[in-house]
Structures are given as structure tokens and as C-alpha cells.
Amino acid sequence: MSAVRTPLPVVLAGARGHGRTHLLNIRRLERLGLVRLAGVCELRPLEAAELEGPGTQQSADLGELLAATGARIAVVCTPIQTHTDLALTAAGHGAHLLLEKPPAPSFAEFRRMADGVAAAGVACQIGFQSLGSHAVPAVRELVADGVIGELLGVGAAGAWVRDEAYFRRSPWAGRRRMDGVDVVDGALTNPLAHAVATALALAGSTRAEDVVSIEPELLRAYAIESDDTSCVRIGTARGVPVTVAATLCAETNSEPYVVVHGTRGRITFWYKQDRVLLQRGGHGPEETVHGRTDLLENLVGHVAGGEALCVPPEETGAFMRVVEAIRLAPDPVRLPDACWRVEASGAASRRIVHGVDSLVAASADTLGLYSELGAPWALPTTVETR
């Protein structure tokens, strides 16, 4: 990074909601002299206080903003269904990309984006921040060295609490389709997408061709189109199964994690905390905390100095196979009223699925699906990918 002399101009498309974290990160990199916020693309311009810094050019048209600012990098944090078109707009102006996850709502849109970006000759980083964790290569090295014996499978668990307001935060929230366009905003594809991508990474199966079968179980307690309580088992070309269990209707909000199972031990990775726990026979538990490479900073290093990208599009192909399977699956099954309850706290109201916290944990422990763990409301589905 020391080779960077002139701060690279950056535009941010989508600066509210989750986009605010990108705005704050751009300001952090500004203070390091790495980038300069050249513009913000928002349908409703930000107020001066929201910009967290000096006045910045704003426009509702990303193409116009890129042309006016000459930005070298575009950060796209907009509704899922807009990702491909905005990414290609940026690429058409020669801007390198940090594209929020999920990169697209369908595999066809993902390919259109990835192929278009490659043809334009610009770099693209997909915003799976967990894949910038130094714990990922560290765990892979432990597995490759046989520290936990033969790799048996990888399971991930995500039990989160989200209230009714979460699904009213935007018109596309909780939607599978909107105005005839795919959105696919479900528990596994958006809020807990990191669990899926991280589990695939630790299984060494990140590319589209690494996936041979997908078994999703999609359910919902909330009055939405998409899934809020789901699990999936992914068959890989390596023969290592990957399961992910997720819910937004948990009793208690918990740190999501991935468990790597071996014949002689297991490794647990809490990916938001960069924390790893190694457990194996004949040894006491060993816990380590790792550093993390910021994805925008990595993209800047790639553009300015040739650093390898942490998360290029092709390394998210397996994740996109999962998105596609969920897109094509039958609509999520509505859980019977007897399976969940409503809990109100002040003006906030949330739905809690009975026993789902323990089911999510059991899935990661056993590599089983809800339907295999005794949940009477779960219905199995299999999608062959080739």
C-alpha cells in the first residue's frame, strides 16, 4: 500500500442503510491517504451531516457521476436487483468495482455481470467481508496439514433476531420477485449469505463447477415472500458436504459460525469475530484471533499495486449456484401458527420459531437438515446442478 501516492477517486452508489458502513470506511481510507470520496449516487441526496465530511458531488445517475468525477473505483451497495446493471455501468466508465453481496439475484445475471466486467478490463471485488479474514487461509492450512484428520464436512449456523421493521426497511426487503424482476432476498442469500460463502470457502469449494447438488429447505414465519428460516445442504465435487442453517426468528441473537468437521477433531470459526477454536483428541482447546484485510483497501492495493483480490467474482460462483437453486425452488413454506410466537418490546414486534436456535446449532453439529433433525414443518427439496 505504500506505493500509492495519489488518493484514488471513489464514488459510492447507495450510501444509506448498509451503505453507511461503506461511507465510513471510505472516510477512514481518506484519512490514510488512499482514496478520495469523489461522489455519492443516491436517489435522494445526502444532507451535509450524513456525508460525514466535506461537500461531495452527488447525482442520482451513476453514469453521469462517473463521467463527471473520473472515479477510478465504484462501490455499489444498492438493492440486489440493481447490482448487475450498475456494475456494468461502472465498468463501462472504466471504474473498478466493490460490489456488495449477493452479487446478483440469479446465476444468469451473475454471469452477465462477471463477463461484462471482465470484457471491460476492470477489477471486481465481491463484498463478502468474511473472506478477507486471515482466519480463512489459516483454517484451510490446518485442514490441509491433517490437523483434524480427514475432512468430513462443513456446517454453518446463523441464528439472528430480526423484527417486523426489518422487512419494512425497503420495498424489496423480504421479496423473491418485484415487478417481475428477481430479488431473492432470503435468509441464506442476503443477511446470512456470509455463512454460506464462508462455509464453501472452508470446504475448498468456491467456484460454480465445485457444486454438484443443492438441497434447500425454505420456510417463513413472517408474512413475507422470501425465507426467514432455512437450511441447505450443498454437495461438492470433492465429496465434502456443506450445510448451512439460518433463521431470522431466533430466541436469542447469536454470533454466526462455521464448523469444520474432521475424523480427529473440529475447527469452529466465528467469522464476524475472526475467532477460531481448534478442538482435537489428545490436545486442549486452542483459540486464536486473526486479522482481517478490508476489501476496499485490498481493491485499492490491486488497482494501484497489483495485489491479488480477496474475492473476485469467480470465487463466488458456488455461492451463486446456491442463490440460483433458492430462486428456482418452490416458494417458502409458511410455518403453522403453532410453530412460532410473537414477542413485542415497545413498538417493536418480532416472531420467534419454537426451538429453532437448537435446530440451527444441531445442523452445524451433525450436517443434518431441519427435516432430518425432527422438525415436523420442514420439507426436503433436491436440486441437481449438473
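**Figure 1. The loop that holds Asp179 in the predicted model.** Asp179 lies in the loop between strand S8 (177-178) and strand S9 (181-182); the structure shown here and in the following views is a predicted model. The phi angle of Asp179 is positive, at about 55 degrees, although this residue is not a glycine. Most residues other than glycine have a negative phi, and most peptide bonds are trans. With a relative accessible area of 74%, Asp179 is exposed, because values over 50% fall in that class.

**Figure 2. Leu367, a second residue with a positive phi.** Leu367 is found in the loop between helix H9 (356-366) and strand S20 (383-384). Its phi is near 65 degrees, a positive value in a residue other than glycine. Is Leu367 buried or exposed? Its relative accessibility is 14%, so Leu367 counts as buried, the limit being under 20%.

Figure 3. Lys101 and Pro102 are joined by a cis peptide bond, with omega at about -15 degrees. Pro102 is placed in the loop between S5 and H4.

**Figure 4. The open sheet of parallel strands.** Six strands form an open sheet in the order S3-S2-S1-S4-S5-S6, and their pairing is parallel. Strand S3 (57-59) and strand S6 (124-126) stand at the edges with a single partner strand each, so one side of each has no neighbour in the sheet. On average, neighbouring strands of this sheet are turned by 20 degrees against each other, direction ignored. Helix H2 (residues 62-69) packs on the sheet and touches strand S1 (8-13), S2, S3 and strand S4 (73-76). The direction of H2 makes about 155 degrees with that of S3. Strand S2 (residues 35-41) and S3 run parallel and are joined by 3 bridges. Which residue in S3 is the bridge partner of Val40? The partner is Gln58.

**Figure 5. Helix H3 between the sheet and helix H4.** Helix H3 (residues 83-92) lies across S4 and strand S5 (96-99), and runs at about 160 degrees to S5. Two packed helices are described by the angle between their axes and the distance between the axes. The axes of H3 and helix H4 (residues 107-120) come within 9 Å and cross at roughly 5 degrees. H3 and H4 are therefore roughly parallel to each other, a term that covers angles under 35 degrees. In this contact, Thr84, Asp85, Ala87, Leu88 and Ala91 of H3 meet Glu109, Arg112, Met113, Gly116, Val117 and Ala120 of H4.

**Figure 6. The largest nonpolar core and helix H6.** The largest nonpolar core has 129 residues, and those with the most contacts inside it are Met113, Val260, Leu296, Phe319, Tyr370 and Trp377. Helix H6 (residues 193-202) gives the most to this core, with 8 residues. In H6, 10 of the 10 residues are buried, so this helix is largely enclosed by the rest of the structure. Among the buried residues of H6 are His194, Val196, Thr198 and Leu202. Just after H6, Gly204 takes a positive phi of about 65 degrees. Beyond its neighbours within four places in sequence, Val260 is in contact with residues including Val139, Ile148, Leu151, Leu202 and Ile267.

Figure 7. Ser230 is buried, with a relative accessible area of 0%. The side chain of Ser230 makes a polar contact with the side chain of Asp227, at 2.5 Å. Although Ser230 and Leu188 are 42 residues apart along the chain, their C-alpha atoms are separated by 6.9 Å. Not counting residues up to four places away in sequence, Ser230 touches Leu188, Glu217, Val244 and Tyr370, among others. Thr236 also counts as buried, at 6% relative accessibility. The side chain of Thr236 reaches the backbone oxygen of Val240 at 2.8 Å. Leaving aside neighbours within four places in sequence, Thr236 is in contact with Ser205, Asp210, Val212 and Val242.

**Figure 8. The hairpin of strands S18 and S19.** Strand S18 (residues 340-345) and strand S19 (residues 348-353) run antiparallel and are joined by 6 bridges. The two strands form a hairpin with 2 residues between them. Ser345 stands opposite Ala348 in S19. In the turn, Gly346 has a positive phi of about 65 degrees.

Key. Residues numbered from 1 in each chain as written. Predicted model: local features only at pLDDT ≥ 70, side-chain atom pairs only at ≥ 80, totals over all residues. Heavy atoms only, no water. Core = buried A, V, L, I, M, F, W, Y, C linked by side-chain atoms within 4.5 Å. Buried < 20%, exposed > 50% of the residue type's maximum accessible area, 1.4 Å probe, protein only. Helix = DSSP H or I, 4+ residues; strand = E, 2+ residues; numbered from the N terminus. Contact = heavy atoms within 4.5 Å. Pairing = 2+ DSSP bridges. Axes fitted to C-alpha atoms, helices over the stretch in contact; angles between N-to-C directions. Polar contact = N/O pair within 3.5 Å; in protein donor to acceptor, adjacent residues only side chain to side chain. Parallel < 35°, antiparallel > 145°, perpendicular 65-115°, else oblique.
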